Amino acid sequence: MKKFNIRKVLDGLTAASSSSSSSSSATAQPGAPRESDAVQETLQSEHFQLCKTVRHGFPYQPSSMAFDPVQKILAIGTQAGALRLFGRAGVECYCQHESGAAVIQLQFLINEGALVSALADDSVHLWNLRQKIPAILHSLKFSRERITYCHLPFQSKWLYIGTERGNIHIVNVESFTLSGYVIMWNKAIELSTKTHPGPVVHISDNPMDEGKLLIGFECGVVVLWDLKCKKADYRYNYDEAIHSVAWHHEGKQFVCSHSDGTLTTWNIRAPAKPAQIITPHGKQPKDGKKPEPCKPILKVEYKTTRAGDPFIVLSGGLSYDTVGRRACLTVMHGKSTAVLEMDYPIVDFLTLCETPYPNDYQEPYAVVVLLEKDLVVIDLGQIGYPIFENPYPLCIHESPVTCCEYFADCPAELIPALYSVGSRQKRQGYSKKEWPISGGNWGQGTQSYPEIIMTGHADGSVKFWDASALMLQMLYKLKTAKVFERARSKDEKPSTDIVDEDPFAIQALSWCPESRMLCIAGVSAHVIVYRFSKQEITTEEVQLLEVRMQSDFNDVDSPEAAGEHTPTMPTPGASSSPQESEPPLQPTTGCNSTDGPRDNIPCLQVRSSPLKQSPGYQVKLVIQLVWVSGEPPQQITSLAINSSYGLVVFGNSNGLAVVDYLQKTLLLNIGTSELYSPSEPYQRQPRSPRKARQPSGALCEANDGSNTSDDRKSPTSGPTSPCNSDDERKQKFIDKVKLKSRRFSKTVASDFAKMSRKISSSGDQKPEQGKVAARRIQKRGIHKTKSPRGFNGKDNSFTRSRSSSVTSIDRESREAISSFHFCESFPRKTDSLLSPCLLVGTTQGFVIMVALSLPPAGDQRLQQPVCISSCGTLMRLKGGILTMALLDSTGTLLPPSYELWYDPNTSDEEKEKEREKSRRRRPASSPSSQEGQDSQFAVLCSEKQAKVVAVPSQTCLYKHSITETSFVLRADVVQMAGTNCVACFCANGHIMTLSLPSLRPLLDVNYLPLTDMRIARTFCFSNLGQALYLTSPTEIQRITYSQETCDNLQEIISELFTPVETPEAPNRGFFKGLFGGGAQSLDREDLFGETTAGKASRSLAQHIPGPGSMEGMKGAASGVVGDLARARIALDERGQKLGELEERTAAMMASAESFSKHAHDMMLKYKDKKWYQL
């Protein structure tokens, strides 16, 4: 175990690193501490193991479906070779075929705990469902024929496989070996037929006679095959191609669906012509002619009932004139025909029946419809056929997921609170019956901490999910688009949109679980602050704050913006709505005319009518970035909210802005370069051919506590004092430009002349506005200190190149804000007391410390200004900054301070009591720093490396190069096994963890290469060894990197198979038994066994032992966990041998008892006889 301390860092003393430090790839820097007064690191590599836990959501691109009517388990196969199994709510399982070929058909071994899957690569697999993690027992790979259809009769071990050539092979599912019995296509059809009948599209045995097999060929020929006699009894011919066949339970009739939209009903003893031909959706001509052809009926099912008419359920068959009509499922019951429209195309459907026996009345009660993007279950027992309420989390993709966050170990009261407000959002009109897919059992694990997953979507919605105990249930849905006006048509779409589609899409989420404050950033450069309340309110006017953020180049090249950004403070006591305060001074009155560039125009229009807000998350403030001189606002790249400070901060490629959401004012709007102090220890490399500008000094932005929607300060404005007006500042700027213009070319000088004329004209138009604003600044005494951007403070020389040719280069390579972290730390090296701070990370690898000066809590917080000052760069790393965190001197994580939740819509007295009771500024503050001693660690992680910096000395203690050839996509400081570590996910697929603070590598697994940007956008770590990502557009994959969770996974996950007695077979009745009218059985073992049918051709198919069989386990036992696997195999084999020994012992005892009985009988028989009488 590695030990270290952090003393004498300020003195710069070089301490000898421990022996483990030299072997670690984490480098101890000069000044690293010695082992005295050590803090122990308890995390070791043994605490980590990576494995998948569970997959949630709708199966992506489904292709097939099956249902076990006894176990009540539903299986869905996909085009990517995945299997998803569903039972009762919370019982889900995911399996994957290694080949990745599409699953074309699934067949349950009903009530046997096994499943057969047929794939598009002509392989058949047997899955064992009796174990919690299903595994393949056997596989069979066909090499000469392509599989088109499979059929497994109830309580049979012989699987019929139809092929593209029209042949039928028979497989023993116990041994997965082929039988020598083959039905060849040329023997099934008539000898006079000159053409090939096509692939086999249907196989089923007669419900009343297992010896009769019904074979459907694509061309329209149906054959009733006698298995014993090996010949065709009847052949049924129809002109149209067949898609499916369904039996009547008495075995005397069957129904075929055809490609022209017709259904043909056949009597098995009348093959000459169909007994009935109907076109369910065809228009019947009056002259008695054949109805017009319709679309193919892809599937039909024929289910009977004891007390009424049978149900005929079919998909497809609509008329061709219904162009654009959605897919439909048709239910025909007696004389009524119900057409049920679906939201997506139908992939497959199954009718759920009370009995698994095909020769009994089916008594259908529901229809499971598998759509391309949904799963619908229809109740056949109620009028109107309502659907069941789906308990599975299959609506993740209702709108495409754009971002997600994962919170493990949340406050316990949070999930009930979200559920209570979310329960009011549920739809009505569902069936009152229980969900019919009710098999399996929940896991028995002890993992009980609450977990919440948040997903942001393209339509602007945010969904909250309860993810506790490896389950997923939607709690609450927030629709952020309600805040904005919607365009009624495409023609009304505003020209200020910066995206073609989904203008409300969520781009970033920042959530404080303790205070329940939520902040979202949208793709249209908007930020919305929400507060949670259990009371319903009506907001008369949405609070709006507009921010004008300019790029670095435009900041200097467009000095006219300085006059337009003079802060305009409304008078105290004015209306709380920023739109009502000082209308003449409102900066939103921009120009959007055809003869001028768009300016001061937001991308979206905030709703002007009253907004009724239901209990839950209610909008508190909307912040929008506006267009600047024809340039659209840049999308927001980072976002953070802090409930204790009452601040929201967001950044993009232009800079950052800090907003006080309590006072609804903009505190700071500044370019990234202005955050660097003049005495910057790091020399930033120029990002374009022009020279690097001189950074400005400290900043102190303030406000008067009133509600306003304008900017507090322009990034381009010079130092503002009470005696300065807009005209004076503009004139000074113009004079300086004219003074230095001799150094530039004539072209550039003329450009500045045009610019000065533009400024002068704009200044003449608004003289009074600037004077009023200046008077208000003087009245309130707001202090702003900032050197002019683009000027050298020492010699007042203009240092920036004016070459317009590099503008595009600079825009492409601007330094953007990549991350934020609120904390309580030491802003400067000389500080010894903690104070609120903001860590700012950039895409160039700089970490900047910003000090926050907050007024006292209570009324003063709502009235006095908040001051902000930049303290310069803390550290620089390679690559963009991804995450930042603080540890105290004992290695304990210091989370951002927060304020416990209180309901903002209660009475003032109750609200104040709750606030005083819940206010919490420092949840885990470290002690103040003593002279010569550091008391905090700053953990910084970028796309390339991680560093640990001692604070307040700002000395780098440890650094670790995470990757050289790739880059980190996501990094988080997480809690694990009672301590902390850094978890990273790289673009090359590696998942790594590093110890803290020494950055020792603890885990490095090549898990998942980046094949889709969706994974990079949604991958996130959480506490206690949990992580997740969107593995497909419709599915969330959860993984764990905790050894403890992996060890307990068998207990935590749900169980699919439960012992259930098979229902009794239907009673044949006395007369049917007497006269032979009941079901006829067949000894398939005798017919298909090797003794009668012989051996199949070895070249036809190859048997492959699965990993779930003993052979597969032996083959897999040579890996890293070979010893453990071999021990388990030995234990299984020992158990098998003990079982066999017990069986042999019992057999020997029975044999001995039988021998003793026979010997006793012989003795009694010959007891009194003489020897000659024997």
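The UniProt record, in an unreviewed entry, places the feature "repeat: WD" at residues 235–269; positions from UniProt are given in the numbering used here, feature names are shortened, and annotations may be inferred rather than shown by experiment. Over residues 235–269 the chain is 0% helix and 57% strand, with the end C-alpha atoms 10 Å apart. Helices (H or I, at least four residues) and strands (E, at least two) are DSSP runs, numbered from the N terminus.

This is a predicted model, in which local features need pLDDT of at least 70 and side-chain atom pairs count only at pLDDT 80 or more, while totals for chains, interfaces and linings use all residues. Residues are numbered from 1 along each chain as its sequence is written, and side-chain values use heavy atoms, with hydrogens and water left out.

| Strands | Bridges |
|---|---|
| Strand 33 (residues 451–457) and strand 34 | five bridges |
| Strand 34 and strand 35 (residues 473–479) | six bridges |
| Strand 47 and strand 48 (residues 835–842) | eight bridges |

Met 454 stands opposite Phe 464 in strand 34, and the bridge partner of Val 462 in strand 35 is Leu 478. The hairpin of strand 33 and strand 34 has three residues between the strands, and Gly 460 in its turn has a positive phi of about 90°. In the hairpin of strand 34 and strand 35 there are six residues between the strands, and Ala 469 takes a positive phi near 55°.

**Val 483**

Val 483 lies in the loop between strand 35 and strand 36 (506–512), and counts as buried at 3% relative accessibility. Although Val 483 and Val 622 are 139 residues apart in sequence, their C-alpha atoms are 8.4 Å apart in space. Leaving aside neighbours within four places in sequence, Val 483 is in contact (heavy atoms within 4.5 Å) with residues including Ile 528, Tyr 530 and Val 622.

Four strands form an open sheet in the order 47-48-49-50, with antiparallel pairing. Strand 47 (817–825) and strand 50 (867–876) stand at the edges, each with a single partner strand, so one side of each has no neighbour in the sheet.

Notes: Pairing = 2+ DSSP bridges. Buried < 20%, exposed > 50% of the residue type's maximum accessible area, 1.4 Å probe, protein only.
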